[in-house]
Amino acid sequence: MANGTDRTNSDASKYEDKPLTFKNYQFVLALTFAMEEINQTPALLHNLTLGFDICNVEDGLPTVFKNPFICFFGSYMVPNYSCISGSTFIGALTGPSGVTSAQIGTLLDLYRFPQLTIGPFDQALNDHRKFPGLYQMESKDTSISTAMVSLLLYFRWNWVGLLTFLDENGLWILHLLKEEMDKNKVCVAFEVALPNYGLSFEIMERYNQINKSSANILIIYGDKEYALEFMELIEKYLIKGKVFILSSQWELPMKRRYFMRGSFHVPLAFAHHHPDVSGFTDFVKAVSPSKYPEDFFLARLWFLSFNCSDSESDCVTWENCPHEASLDWLPGHTFDMTMSGDSYNIYNAVYAVAQALHDMLLHQTEVQTIESRKQTGPSPAQLQPFLKNTQFQNAAGDQVILDDKRKMEAEYDIVNIWNFPQGLDLKVKIGKFSPFALHDHQLSLSEDLVEWAIGTTGPVHSVCSESCGPGFRKSLQEGKPACCFDCTPCSENEMANGTEMEQCVRCPDHQYANTERNQCLLRAANFLHYGEPLGMALACMALGLSTLTAAVLGVFVKHHNTPIVKANNQALSYILLLSLIFCFLCSLLFIGRPNTVTCILQQTTFGVAFTVAVSAVLAKTVTVVLAFKVTSPGRRMRWLLVSGAPNFIIPICTLIQVTLCGIWLGTTPPFIDTDTHSDHGHIIFLCNKGSLTAFYCVLGYLGSLALASFTVAFLARNLPDTFNEAKFLTFSMLVFCSVWLTFLPVYHSAKGKVMVAVEVFSILASSAGLLGCIFVPKCYIILIRPDINCVCGFRDRKYPGHIKPS
C-alpha cells in the first residue's frame, strides 16, 4: 500500500540532520496497529491475514510510476505481468499529498485497484468519472467556512484578508467563505490568489497590501505542501501583528525555525476533530527494533534518537541502547505520541478495506458458484462495489462512511500554537466547532488559552471602521464595503442604545430621546394649566373682565331710566353685555387639561358668543343710522325703526353661525391632540381643530360681520354725538378687526401651548376692546358726569336736516 513515508536505505541517511521527519513514521505505526488489531479479531476475516507493503513515490511525472510498478508487479520493465508470488494486493492507501494521490490514481484505476486517500479532502480527487475507484477518508470541509466565520464573529473581526492557492480547493472554499461572510456582514479587505509556484515573488508583490492593511486577520486555505514555504516567507518579510486562521489542511510540523517565542504572529488552525483510539498510545510505547527487527526505519530512528552505538558501520548494534527505551522518551517536536489526523484516516482506511473484504467473502459464500470456487483469492476489482457501500462504527465510536454523499459533516478542533525558544512549540486546543450543535452554541472557545502576538495582551482589532457607540448610526462610505462606514449622530427624538446600529429608532410619542441619544425618556405631560404663570394670568384676566362686564351690566340695569342707557336700543346693550360676559368666560375652556367635551365647547362657544356680540354691535350701528337718517314721519326708515327690524339681525346672524358650527361638529369635530415638538422633553396636550377649513369659516364669518359693523359705523361717524355711539362703535370694530388680523400670523407661527395662549389672549383682547370702546364712555357719564346725562342740552341743539331722537 502506497504511503508517503520513505523507508529506503538511500534516503534514510538524510534524516540524520532532520529528526523532524520521524513524525511521519507514525503513519507506519498506525497502519501496523490497525493490521494487528484486525488479524487478532476472529469475527473479522476469520481465514485471512492482512499484510502491507510500503513504497515511496518520488516527485515528478517522469519517475512517479516507477516505485508503484515495482510494488505491485515486482518489476518496472515488464508491465501487466506480476513477478510477485504468494500474496495478493487488493487496494492501496495513498497520501497525504493530494497531488501524489492524483498522479498514482491514474495507474491504479487502469488496473482497477481501489484507492483510499488519507490526506485532507481534495476537490480535485472528487471527480468520480476520472477516479471511479478512489475514496477519500477525510470528511469534506462543507462547514469550514461557517466555522471560520463563527470565530471571526466571536472576536468581532469583520475586516479580513483572504489568501488562497490557485487550485480547485482554493476556488471552492473562496466561494463558500464569501457567501458566509456576506451573510454575517464580514468584509474582505483584500484577496490574494497565491500561485503554486513562484510564491516568493507573489509575496514580494503583495507585501504592502498585506503588511500595511488595517485587516489584521488573514484566512489562509491551501494544501500543506506550500505551508512551510509560505510561513517562512511571512517571517522573512516581517509581516507582523497578523492573526493567521489556517484551514484543516495545515497541520504544521511541531518544530519550526520561523515561529519564535513571543511570535509576531498568531496561528489559529482548524483541525478535524477525532476521538482517541484506545490502545494506540500503549502500542507505540511498546514498539522497539527487537519487536520489529525487519523495520529498518525504526532501527534508524532508534539509532539516531538513543545513541545506541558509536560504531560507524552501517550495521546497527544495540549494545549501548537503554533497555527500557521507548518512543515516548522523545520530545514532542521529534515524535508525537498522539494519533494525528492522517494516522486516524489510515486506521479507518485499513478497517474499511477489511470490512469490505469481509462482506465480499460472506457474499461469495452465500452465492458460491463453480467459477468462484476455482478462484485462488479475492481480486481488487471484486472489492470495488463492497468498498463503496462500506459503513461501520470504529473502535473510537465514530461512524466511518466511504460514500461522499452520505458522509457526516466534520467537527473541528481549534488549535493555537504556543511558541517556545529554539523553535520548540506546543499545539494547544483552545476550542471546538460542531455543526451539529444549536446555532448559538456551535462554537466553544477558551479565550484565555490563546497566546497573542508580542506586545499585546488580548485579541487584535481588525475592523475597517470603529464601532459606532450608542447614540450613533452607521452611514456607509460610498464605494466601499459595508464594513466601512461613518458614525452619524441620531436625529432629534431618535436613539440608538446599542453599537453598530444600522438605523436609529424613533422614540414613541410619549417619550423623547435624551441628549446622548442612547435612550428614550418618558415625556412630562404639559398643557396650558392654571398653575403656571401664563395660565394663571389669562384666567385672572378672564375672570376680572367678566366681573367688570357684569358690573357694567349692573350699572346699566340700575340706571335704565337715564337717557344714555335708553339711547341706541337699551335691549341691544343688555344683549351685548351678556354676550361679552360669555366671551370672557369661554376663554377658560382653553385653560386646563383638554378633554373631549372642552375641545368641542371651545370652538362652538367661542364662535356663537362672538357672533352674538358682533351681531349686537351691528344691530346697534344700524339702529343709530336709522335713528338719524329718518327725516319725515312717513318715510320707510321710520317704519323700520319703529317696527324693531334691527332686533332681527342678532337671531339671523347667530342662526347662520350655529349652522356652520353644526356642520363642523358633524363632519370633523375637534379632538384631543398632542404636541411633542414644541417643548423638549414634554408632551403638550391640546385640542386639534379637526378641520382648519371649518375653523377659518367660523372666523371668516365673524370677520364679515365685524367688517359690516365697521363699515356702517364708519359711515355714521359724523352724526350728532350727544348720545350717538357711532364713533365708539367704529373704534370698537377697528380694535376688534385689528386684534384678529394680528392673531392670524401669530397663531400660525406659534406652537404648543403658546398657540393656545395666543387664541385666549385674542379672545380677551377683542372682547375687552368692545367693552372698553362702547361702554366705558357711557359708564363715565353715568357715574362721573351725571349732570350731562339728561335730554335738555340735547333738545336745545339745532341739527339741520335731521330729527331729534325721542
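1. A friendly place to start is T94, which stands opposite T117 in β2. Strands here are DSSP runs of E with at least two residues, and helices are runs of H or I with at least four, numbered from the N terminus. This is a predicted model, in which local features need pLDDT of at least 70, side-chain atom pairs count only at pLDDT 80 or more, and totals for chains, interfaces and linings use all residues. Residues are numbered from 1 along each chain as its sequence is written, and side-chain values use heavy atoms, leaving out hydrogens and water.

2. Next, the sheet. Three strands form an open, parallel sheet in the order β1-β2-β3, where two strands pair if DSSP finds at least two bridges between them. β1 and β2 (residues 115-117) pair over three bridges. β1 (92-94) and β3 (134-136) stand at the edges with a single partner strand each, so one side of each has no neighbour in the sheet.

3. Now look at helices α12 (residues 341-366) and α14 (residues 380-388), which pack at about 110° with their axes 9 Å apart. Axes are lines fitted to C-alpha atoms, for helices over the stretch in contact, and angles run from 0 to 180 degrees between N-to-C directions. The contact (heavy atoms within 4.5 Å) includes A352 and M360 of α12 and F386 of α14. Its residues divide into eight nonpolar, three polar and one charged; Ala, Val, Leu, Ile, Met, Phe, Trp, Tyr, Cys and Pro count as nonpolar, Asp, Glu, Lys and Arg as charged, and the others, Gly among them, as polar.

4. Finally, among the buried residues of α15 are L538, L545 and F556, buried meaning under 20% relative accessible area with a 1.4 Å probe, protein chains only.

Definitions and conventions: Buried means under 20% relative accessible area, exposed over 50%, partly exposed in between (1.4 Å probe, protein chains only).
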